[in-house]
Amino acid sequence: MLKDILDVLKNSDADDWEVTDTETDGWEFYFIRHNLDQNRAKKVAHINVTVYKKIEDKYLGRASAEIAPTLPKDEVKKMVDDLVFRASLVKNEMYTLGGPSKAEVLPKEEGSVSSVSRDFINTMNALPETKTEDINSYEIFVNGETKHFITSKGIDTESKGISSMIEVVVNARNAEKEIELYRLYNSGTCDTEGLKRDLTKTLHYGKDRLQTVSTPKMGKTAVVFSTEDACRIYEYFSEQINAELIYRHMTDWKLNEPIHKDIKGDRVTLKSSCYLKNSSCNTAYDSEGSAIHDRILIEQDVPQCYWGNRMFSQYLGLEDSFQLTNITVEGGTKTEEEIRSGRYLEIVEFSDFQVDSVTGDVFGEIRLGYLHDNGSTTIVTGGSVSGSMKDYAADMYMSKNQVQYNRELIPSLTRLENMTVTGISEK
């Protein structure tokens, strides 16, 4: 089928084209408590085609669609012709597509679909459950993917990898009530240590969630982030140097200029990483066939280079750019004990936590937090945090230790000073 699609594209009116052929072998498991309810295996194939059409030698149109592997060749031709027509209606400023490039040689990730599935099940069975805090149910999805990428510019790459997802529901109960906490983890192979660490904490959070009082009205307060929600903070930094935002003037960050004039806290150093152990995004090439490199993007709060897709990178005159996959944020200057000092609110559970990549606006509704004040700890729920990273980035502190959440390696603790905390209690 792939050969037929390539033949049609080569003989079409498209000026350029790209084909991504992905074959997936997957295993799925559904557990109630720790009893297997059902499982299944799957084998699927997806072929995605993108065509480009020049318009008046000033514009380059683009259109994409998935083509079923079983589609007859004459139907493939109809679809490609339709894509070419659709592309001719799109007037993006002219840019050029990339050609073959040399990528980094990545470490080989050990494991198969069956062994990774077994690792997940063994990890779940090893959790320290109790009579009052336990696992309600969980679902495991493990996929082995082979991706073949071919373009009219001579790119012809193939990559193999594993991507996984596990959904977990944790129960906690006392004599009066019972609650549920939901977790979703994405990874490549199974991060046994990280998964067990996080779910052990979640079991503890479930117990504490039953003992909360209303969050008091606190005004401006230091807030500590110790869970995966902290990734949203560092994604704000990475998005501010996205070529698209730069080109559209949606950010004012500039190369070789500090992001703030008056930095009081730690300075962020953020890197692109080709490989992180257990990441689902370990690949030598991005989705457009550009080679991914280990590269410092922000050094000590000073942007060093932009990243992005081919179109917007070309508009900025960037020839060696790529789309970001894994990121690494260096640890800060503080120990975890120093981060957790003085008066602060550590929030471990949000109903939702957002950092707007353009405006920097921060918002989150508190489901579970620990208010530390003069040696005392109060477990709280309700209320919210808000503010702007444009202010907080100048006065944030990071732990020396790091922790990994799938594709992001970040400081284990992040502290933002003077966040607005809106409580629901007068005390």
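Colleague: Where is N406 found?
Modeller: N406 sits in the loop between β18 (402-405) and β19 (408-411). Keep in mind that this is a predicted model.

Colleague: Why is N406 called buried?
Modeller: Buried means under 20% relative accessible area. N406 has 17%, so it counts as buried.

Colleague: Where does N418 lie, and why is it called partly exposed?
Modeller: N418 lies in strand β20 (residues 414-422). N418 has 43% relative accessibility, so it is partly exposed.

Colleague: How do you know that E408 and R407 form a salt bridge?
Modeller: A salt bridge needs a side-chain nitrogen of Lys or Arg within 4 Å of a carboxyl oxygen of Asp or Glu. For E408 and R407 the N to O distance is 3.2 Å. That is within 4 Å, so the pair qualifies.

Colleague: How many salt bridges does a search of the whole structure find?
Modeller: The search finds 25. One of them pairs E28 with K42.

Colleague: What makes E28 and K42 a salt bridge?
Modeller: Their closest N and O atoms are 3.7 Å apart. The limit is 4 Å, so the pair counts. This pair links distant parts of the chain, with E28 in strand β1 and K42 in strand β2 (residues 35-55), 14 residues apart.

Colleague: What labels do E28 and K42 get for accessibility?
Modeller: E28 has a relative accessible area of 6%, so it is buried. K42 has 31%, so it is partly exposed.

Colleague: What makes E330 and K271 a salt bridge?
Modeller: The closest N and O atoms of E330 and K271 are 3.0 Å apart. That is within 4 Å, so the label holds.

Colleague: Why do you say the pair of E330 and K271 ties parts together?
Modeller: E330 lies in the loop between β12 (326-329) and α8 (336-339), and K271 lies in strand β9, so the pair ties together parts 59 residues apart in sequence. E330 is partly exposed at 31%. K271 is partly exposed at 26%.

Colleague: Why is helix α5 said to be largely enclosed?
Modeller: Seven of the ten residues of α5 (residues 230-239) are buried, so the helix is largely enclosed by the rest of the structure. Among the buried residues are C231, Y234 and F237.

Colleague: What makes the contact of T189 and N278 a polar contact?
Modeller: A polar contact needs N or O atoms within 3.5 Å. The contact joining the side chains of T189 and N278 is 2.7 Å. T189 lies in the loop between β6 (178-187) and α4 (192-209). T189 has 7% relative accessibility, so it counts as buried.

Colleague: Where does S279 lie, and why is it called buried?
Modeller: S279 lies in the loop between β9 (270-273) and β10 (295-299). Its relative accessibility is 3%, so it falls under the 20% cut-off and is buried. A polar atom of the S279 side chain lies 2.9 Å from the backbone nitrogen of C281.

Colleague: Which residues form a negative surface patch?
Modeller: D13, D15, E56 and D57 form it. D13 is found in the loop between α1 (2-10) and β1 (16-32).

Colleague: How do you know that D13 is exposed?
Modeller: Exposed means over 50% relative accessible area. D13 has 56%, so it is exposed.

Colleague: Why is E319 called exposed, and where is it found?
Modeller: E319 has 55%, which is over 50%, so it is exposed. E319 is found in the loop between α7 (310-315) and β12.

Colleague: How far apart are E319 and Y344?
Modeller: E319 and Y344 are 25 residues apart in sequence and 45 Å apart in space, C-alpha to C-alpha.

Key
Residues numbered from 1 in each chain as written. Predicted model: local features only at pLDDT ≥ 70, side-chain atom pairs only at ≥ 80, totals over all residues. Heavy atoms only, no water. Patch = residues over 30% accessible without salt bridge, like charges linked within 9 Å, V, L, I, M, F, W, Y side chains within 5 Å. Areas by Shrake-Rupley, 256 points an atom, 1.4 Å probe, with all protein chains shown as cover. Lys, Arg positive; Asp, Glu negative; His and termini not counted. Charge placed at Lys NZ, Arg CZ, Asp CG, Glu CD. Helix = DSSP H or I, 4+ residues; strand = E, 2+ residues; numbered from the N terminus. Buried < 20%, exposed > 50% of the residue type's maximum accessible area, 1.4 Å probe, protein only. Polar contact = N/O pair within 3.5 Å; in protein donor to acceptor, adjacent residues only side chain to side chain.
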